[in-house]
Amino acid sequence: MLVHIDGPWSPLLGRLALSEIPYKNPILVGTFVFAMLVGVVLVGLATYLGAWRTLWRDWLTSVDHKKIGIMYILIGLVMLFRGFIDAVMMRTQQALAVGPRSSGYLHALHGYLTPYHFGQIYTAHGTIMILFAATPLLVGIMNILVPLQIGARDMAYPYLNAVSLWLTAAGAALVMASLFIGNFAHAGWFGIVPVMELPYSPGVGVDYWMWAFQLSSIGTTLGGINLLATIVKMRAPGMTWGRLPIFTWASLSANLISLTTFPVLTVTLALLALDRYVGTHFYTAGLGGNLMLYNDLFWIWGHPEVYFVILPAFGMISEIIPTFSEKPLFGYLGMVLASLGIAGVSWGVWLHHFFTMAAAPAVNAFFSITTMVVGIPTGVKVFNWAFTMFRGRLRFELPMMWASAALFLLLVGGLTGMMNAFATNDYMVHNSVFVVAHFHMMLLLIVYAIFGGVNYWFPKVFGFRLEQRYGKMFFWLFTAGTAVVFIPMFTLGFMGMTRRLDYVAFPQWGPLLDIEVAGIAIYALSVVFLLAQLYVSFRDRAQNRAGLDAWETSRNLEWMTHSPVPFYNFAVTPEIHARDERAWRVEHGVDTVRPERYEDIHMPRNTALPLGLGLLSFGLAFGLVWRIWWLASVCAAMIVVLIVIRSFDNDTDYTIPAQDVERMERDIRDVPSGRPVTGDVAGGVPAFREGV
Amino acid sequence: MTHTTDNAWQHPEVQLASGGYVVAYVAGLVLMGLSLWIVRGHVLAPMETGIAISALAGLAALIQCVLLLHLNISETQIWHTVALILFIPLFILAIGLSSWMFHGLYRRTMLMPAAHVSAPATGAQAAGAMKAPG
Ligand code: HEM
Ligand SMILES: [Cu+2]
């Protein structure tokens, strides 16, 4: 039943052999040494600080939505770094490999990367940035914020939340493992058919890509279910739909997308797996298969996915702008409808990713129009932001700088998107770097919103504000990098440069490619300032302690609990009176009122099972990639066993008695200004976790 | 943390199911077995095969939606209705627009002409290739 694989295979190791370890490649060896050094330093540090116990008890086995969120964000940042390195390599390769006389290094004919390696790098870059950087960063932020914004103690399913996290982590680990064991796919992040079919990609690369994608897709589906259930079911009393904070609305619409479209991806990849493992012909060019089936199915997920990542970004911008305009958000209802509208339209536009692949003119026209319709709700949003700022008292602190710069990227990205949306235009630019520049504007918008959001909510989560001087330098350098890389890229797109070139045949493109390298260098420089910002913030954290409301003009519920947020979120579940609850309480002078009495708090208990499930699914995927059948079967069986064990566990939660809550709340020192400041908390999230 | 009961038998979904799950499961197996048989046995001509298994798939989806997911317009189970409101447009969009795209695609791409004719594959390929550039 299984397809026959050329090359060696053994029952014990499957296709794995020493020759699959790329120990002769200096770049990969260097990376390996670097990764090992970082690993050794981290392990050493944890041991030296005696942090293993905390690490295990407070993080790895935690089901606290804030910590899970932070771990998501850490995964996202690590992968963002990896994806950035891939980008540096692509830029430098293209700049070096211009014209027939350009010299080659490291066995490459031109530049220093062979086509074999270059293909893996662009595939890894796209896959990582969309699935393992942007998605975890946003899911992490939603994880932290949504329960706080609706006054819940945790997610609806805290255990499931941890499972989603560790599945995503397993996927990310699989991508990383492919660096040092075997190789990665070279068929593009979206999988070019039939290149990723077995006859054209007989190695393990596509299998790595496919299973990593699959793991993260399952994790995100589960996460989406969880966030939806949380928003629908866990709102504090008085939190009607009309009072829901706007970021929560954005998360709701985003997760409607993930709930409805990620399953399509799961099926798409499962069919590919059948093709590659048991020899079916879903996506082959003959024998009843159909290439277009893959494109169709992939983009039914693929386009909604891009809106899944942009909606939370819009949500963050919608929270930041009112705070720093010192005004309520303009057009709340319009914003809500626009978010839901974007989610709705996103289901009906996917074909614009393959306008050039022979659909009937009427079909192309239909999808052109639906694609342009997205501009309407997006436009509504932009105008609402502009009117929020209009006549506001604008304060350009860091979060506001990131948020307002994001609007410019939205403009460029949106307009170029509209240009692609004309099927006729798209015949010109499809597969060119113009498209690449378009979606990088959009994805950078998300990155900007994330940096804005991180600066904005950091004090809520960690109890101290991030320093702003280095932060601003980081902002300006990053923005300069964006301009210097992507303006030439748009230009090259107009000059007809196609995507994914490992060798550039036209010398006249050289200078612009050189400018792009300069831009990448500016990006790299900016990272230094980011690190400086983080270091200085941490060093001076005592001066930058934040009160309940770190920015003094915040409006939402999350700013009503302590910073850092205690593990139980709110000592007493708040009663909601208005849309901007915190602003309402400040206005009515009741923002510092302390509760009269405390009640028992019901909390979920830690568990190591999700971590185990993550490890096992990594093992399962690794076994499948290398066709080590015993490993895959053992892991699959163990996963089932763990799930069964968990379902018989009735001791999944505990209660914090009211006196304990009261004592912990008393320990939080009140500062005369009426802004309570957490005591001598070391600046870690959880501060006072007790009574477990 | 929504946590009303530890006993799965007491969940309302389970209590209301009344055997529907088993019926849906068996029906699903039968329908899948049937389509597998049609495909593996080359029982029908290519185009008819496509139509037949699409119809079976539609039936299977319907059975799952009604018997497993309980999509209906009852007032007591409002979320079932919401799910239905989400399901119908999505179904029309995803399946409908895809079929629209595929309809007419073969003529333009010359891919797999065999799907259009009822003769055995080899002969059909020759025939299809000749009339393909339509
Ligand atoms: C105003 C809204 C938008 C419009 C009208 C639009 C339009 C388009 C069109 C027509 C294409 C296909 C171009 C081609 O391949 O020839 C495209 C590609 C793409 N867009 Fe957009 N887009 C919009 C928003 C976004 C957003 C918000 C994102 C992401 C956050 C995004 C990410 C992408 C990506 C990743 C691709 C290329 C995928 C690939 O081929 O690798 N777009 N866009
Ligand atoms: Cu799209």
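Between chain B and chain A, the count of salt bridges is zero. This is a predicted model. Polar contact between chain B and chain A comes to one residue pair, with both residues at pLDDT 80 or more.

## Which parts of chain B touch chain A

Two helices of chain B each supply at least two residues of the side that touches chain A: helix 4 (78-102) and helix 5 (105-109). Helix 4 of chain B gives the largest share of that side, with 10 residues.

Sorted by class, the side of chain B that touches chain A has 14 nonpolar residues. The other classes on this side are four polar and two charged residues.

## Extent of the contact

How many residues does each chain bring to the contact? Chain A brings 39 residues, and chain B brings 20 residues.

The size of an interface is often given as the accessible area lost when the parts come together. Here, chain B and chain A bury about 2,400 Å² between them. Carbon and sulfur atoms account for 75% of that area.

Ile85(B) lies in helix 4 of chain B. Is Ile85(B) buried or exposed? Its relative accessible area is 58%, so Ile85(B) is exposed, the cut-off being over 50%.

Conventions
Residues are numbered from 1 along each chain as its sequence is written. Chains are lettered from A and ligands numbered from 1 in the order in which they are written. This is a predicted model: local features need pLDDT of at least 70, side-chain atom pairs count only at pLDDT 80 or more; totals for chains, interfaces and linings use all residues. Side-chain values use heavy atoms; hydrogens and water are left out. Contact means heavy atoms within 4.5 Å. Buried area is the accessible area (1.4 Å probe) that two parts lose on being put together, summed over both. A salt bridge is a side-chain nitrogen of Lys or Arg within 4 Å of a carboxyl oxygen of Asp or Glu. A polar contact is a pair of N or O atoms within 3.5 Å; within protein, one must be able to donate a hydrogen and the other to accept it, and residues adjacent in sequence count only if both atoms are side-chain atoms. Helices (H or I, at least four residues) and strands (E, at least two) are DSSP runs, numbered from the N terminus. Ala, Val, Leu, Ile, Met, Phe, Trp, Tyr, Cys and Pro count as nonpolar, Asp, Glu, Lys and Arg as charged, and the others, Gly among them, as polar. Buried means under 20% relative accessible area, exposed over 50%, partly exposed in between (1.4 Å probe, protein chains only).
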